[in-house]
Amino acid sequence: MKKFSGLINKLLLTPSRNRKIDILSDYFQNTPDPDRGFALAVLTGNLELRNISISKIKEIVCNKIDPELFALSYEYVGDLAETISLIWPYKKKGMIDNITEMTNKLKNLKKNNLDETIENLLSVANDTERWAIIKLISGGLRIGVSSRLTKSALAQFSNKNLDDIEKIWHGVNPPYTNLFKWLCDKGPIPEIDVNNTFNPMMLANPINQKDFENLNPERFVAEWKWDGIRVQVIINKDKVKIFSRTGDDITKSFPEIKIDQKNMIVLDGELLVGKNYIPMTFNSLQQRLNRKSVSSKHLKEFPAFIKLYDILFLDSVDLRNHTWIDRRLKLENWHAKNRDNIFDISKIIKFKDWHNLEEIKTNDIIDNQHEGLMIKCIESPYLSGRPKGHWFKWKKEPKTVDAILMYAIRGHGKRSSYYSDFTFGLWDKNQVTPIGKAYFGFTDEELKKLDKFVRNNTIKKFGPVREVEKTFVIEIAFDSINESKRHKSGVALRFPRIKRLREDKPVNEVLQLSEFKTEFL
Amino acid sequence: MNMKWIDKNLHIIPINTHIDPYKPVENAIITHGHADHAKPGHKNVLATKETIEIMKIRYGENCAENFQELRLNQTLKIDEVSITFFPAGHILGSVQVLAELKGEKINFTGDYKTSKDKTCKRFEPVKCNTLVTEATFGLPVFQHPEEKLEINKLLTSLKLFPERPHIIGVYALGKAQRVLSLLRQQGYDKEIFIHGSLDKLCNYYQKNEIFLGKISKINLTNKKNFNGEIILAPPSAIKNVWARKFEDPIISQASGWMSIKQRAKQSLVELPLIISDHADWNELTDYIKYTEAENVYVTHGREDAIVHWCKQNKIQGLALSLSGRDDENEL
């Protein structure tokens, strides 16, 4: 753990992306198997430790330390692993395991000596090692290193193509011995099980006004950006696998997605709920997400279907190097033969020029079902990640409302010393009722202003929460609004963020909740 | 407050004297020269010789109408109140102020640390009935490491990156001189470069026979190559254009806050050095126990945790949350 904790400490404190890649590349070059493989697993969030959780660690620590002092410390530090690593009061002589030994030890923890083993590990380690051990257990590293950056480092140290690494990435497993063999030119490219392996998805970039000047509308098509969850469906005979955009297997949540195919096929689409291909709100779709078992009531009320966008494999043939137009024809062809209640095809929108498309975007009547438009180049191959110049998203204008700042808590990670999570509300007669929370959208300058306001205008503290004077108006942008029984206000905002500070606006000009509902619901 | 003769603003009522007042007052006792404790504009100031001289360097000769010196461990009687200064070990000239009335003792710590520091007199513990303490690092996550280890981190980095200038963020008063002194103690004998704003106070420390070695003010016009050199500058200078004259520098900062990695990251510090001039959690709680005080008032810092700790240890604790203390910047 000495080497690994040193690595993640350095990565955390190094601001430059290129230097981070150098550090990682250097580590992969100079670290033996399987240590570097386990490190890779941790860095990309692929190390699963089933016998121990972060809440268990918290419990162990709170048995040893006054819980109130722990809570105050955590509130201040803003990072659980860091709090524990700094507050742990015991020291013991001993050898610290390397990452492989540590991973194996944590994987094979037995219930009867779990507390003792963990206490021992924490006492033998120094602050930074302790921090790394807890990060290992909690999974989320939060050190400013994405999976993509880690893979870029793999590409750099091995001189391989990043896209080739991405293509096999979801088919290889920790500690990635075969992957490293190939990267070091000591073995063939690892074979992956195509029938069960998620393929990295192609994503769009937001479009800017400037982009339009350079884009020839004749080379582009448009379709709605449906408001569901993006999925990849792999079908092989009667076996169906559904993956989320990030590669999580969500097959179990959607047992009604069934189909029989002679040969392997991979589809890209938007999963939605609704009848006759008419999408219900995102709120309804949420009823179906993250459930261990699916009730027949849910299946009946919120049946799932998929709007197809693209096709990656047909009859086991990889189409990703074909042009979009070619893939689209194959997709339409396939869909014509496989019409049922499950698969709908995402319609192509006809438009003359960008101005005409903008009119379509503003005047459409199925407003609550989509998030705006997708614009795709007809010659694009299907590439992983967010390649520039191929696919664009053109989101709807957000809705906005001026609201009153009510409560604040400190942020986490790099914002841990700022009050950066805000609750805001509207008038409900003479009282202010909360309608949502926002923790981004502001600039660094605005954050400093908000933080200062909170510090100087706190009227009450509830644990980490500060209630402030109801005098500060902020403009909130949000994508949509739903009715909600769970919230006191009766509404839930989707994707709320702080658009700007309205220091100029007096609070008595803020809307009544009832007026807000009339206007937006 | 259940003491009748002082109030929440650290005002000693019978002699109309404030300790470290935030606004100009008639009579002020100043514990040390940091800006959030020593303000200009008071009528009468009572402080150590060093604190008075530091105030004059920073604010000018006439920053108070009258100055009166009091030596360490000597008692000054003002009416029926006795005032005694004890070293606080925080920076040059820093003291704790013990006030005594009819056998009741109240000790105001100002800012303090109990560990050794060659740039100032070592802290002396004092027993009292009521302790008025700081709590800048009043959370159990703050357990400062040995300074030597931190200085070694810097020396190792200099060896690893001889092509990069090492800029260390330090406050002009106290921290700058402490880091210089620690570097010399670890055997670093090369010339060390300083930002112009540190010059006067470094000179003042040297005049007081504190060894800082060879230091040179950085001249902006001079095109010297600073690769592999140590440069000390106030944190604000590192954030502005001044720092652009150094090519690919390693940004470091010497502060007790640097034990929190996320905080170091926020300030874009690549090489955090945990060097504090304030007591850590163990020093704070040990000292409270030592004083045998029945009442503890916390002036500023992480007061909630110290008050909670007092309660558990059957000591009456209260947070004063004084305004004007620099809460997030360790001075």
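Author: Happy to! Let's begin with the words we need for sorting residues: Ala, Val, Leu, Ile, Met, Phe, Trp, Tyr, Cys and Pro count as nonpolar, Asp, Glu, Lys and Arg count as charged, and the others, Gly among them, count as polar. With that in hand, the lining of the second largest pocket divides into 18 nonpolar, 14 polar and 18 charged residues. Please keep in mind that this is a predicted model.

How can we find a pocket at all? Rolling a probe the size of a water molecule over the atoms shows where empty space is left. In the second largest pocket, that space comes to about 1700 Å³. The pocket is lined by 50 residues, and those closest to its centre are Gly6(A), Asn9(A), Thr128(A), Lys153(B) and Lys261(B). Several elements give two or more residues to this lining: from chain A they are α1 (2–13), α2 (17–30), α6 (80–87), α8 (114–124) and α9 (127–138), and from chain B they are α2 (147–160) and β17 (271–273). Helix α1(A) provides the largest share of the lining, with 8 residues.

Now let's visit the open sheet in chain B. Its 6 strands follow the order β1-β2-β3-β4-β5-β6, and their pairing is mixed. At the edges are β1 (6–7) and β6 (64–69) of chain B, each of which pairs on one side only. As background, strands of a sheet pair through backbone hydrogen bonds, either parallel or antiparallel.

We can walk through part of this sheet strand by strand. Strand β3 (17–19) of chain B runs parallel to β4 (27–29) of chain B, and 2 bridges join them. Here His18(B) stands opposite Ala28(B) in β4(B). The next pair, β4(B) and β5(B), is also in the parallel sense, over 3 bridges. There, Asn27(B) has Asn44(B) in β5(B) as its bridge partner. Moving on, β5(B) and β6(B) run parallel and are joined by 5 bridges. In that pair, Ala47(B) has Glu69(B) in β6(B) as its bridge partner. Helix α1 (49–59) of chain B lies across β5 (42–47) and β6 of chain B, and runs at about 155 degrees to β6(B).

Next, a look at the backbone. Most residues other than glycine have a negative phi, and most peptide bonds are trans. Leu10(B), though not a glycine, has a positive phi of about 55 degrees, and it lies in the loop between β1 and β2 (11–12) of chain B. In chain A, the peptide bond from Asp33(A) to Pro34(A) is cis, with omega near -5 degrees. Pro34(A) is in the loop between α2 and α3 (35–43) of chain A. Another cis peptide bond joins Pro174(A) and Pro175(A), with omega about 0 degrees. Pro175(A) sits in the loop between α11 and α12 (177–183) of chain A.

Finally, meet a loop residue with a partner along the chain. Lys160(A) is in the loop between α10 (147–158) and α11 (162–169) of chain A. Its side chain makes a polar contact with the side chain of Asp185(A), at 2.6 Å. Lys160(A) and Asp185(A) are 25 residues apart in sequence, and their C-alpha atoms are 9.7 Å apart in space. Leaving out residues up to four places away in sequence, Lys160(A) also touches residues including Ala155(A), Ile165(A), Trp182(A) and Leu183(A).

How values were computed
Residues numbered from 1 in each chain as written. Chains lettered and ligands numbered in written order. Predicted model: local features only at pLDDT ≥ 70, side-chain atom pairs only at ≥ 80, totals over all residues. Heavy atoms only, no water. Helix = DSSP H or I, 4+ residues; strand = E, 2+ residues; numbered from the N terminus. Contact = heavy atoms within 4.5 Å. Polar contact = N/O pair within 3.5 Å; in protein donor to acceptor, adjacent residues only side chain to side chain. 1 Å grid on protein atoms, 1.4 Å probe; cavity = no way out; pocket = protein on both sides within 12 Å on 5 of 7 lines; lining within 4 Å. Points joined across faces, edges and corners; volume = space filled by probe spheres on them. Pairing = 2+ DSSP bridges. Axes fitted to C-alpha atoms, helices over the stretch in contact; angles between N-to-C directions.
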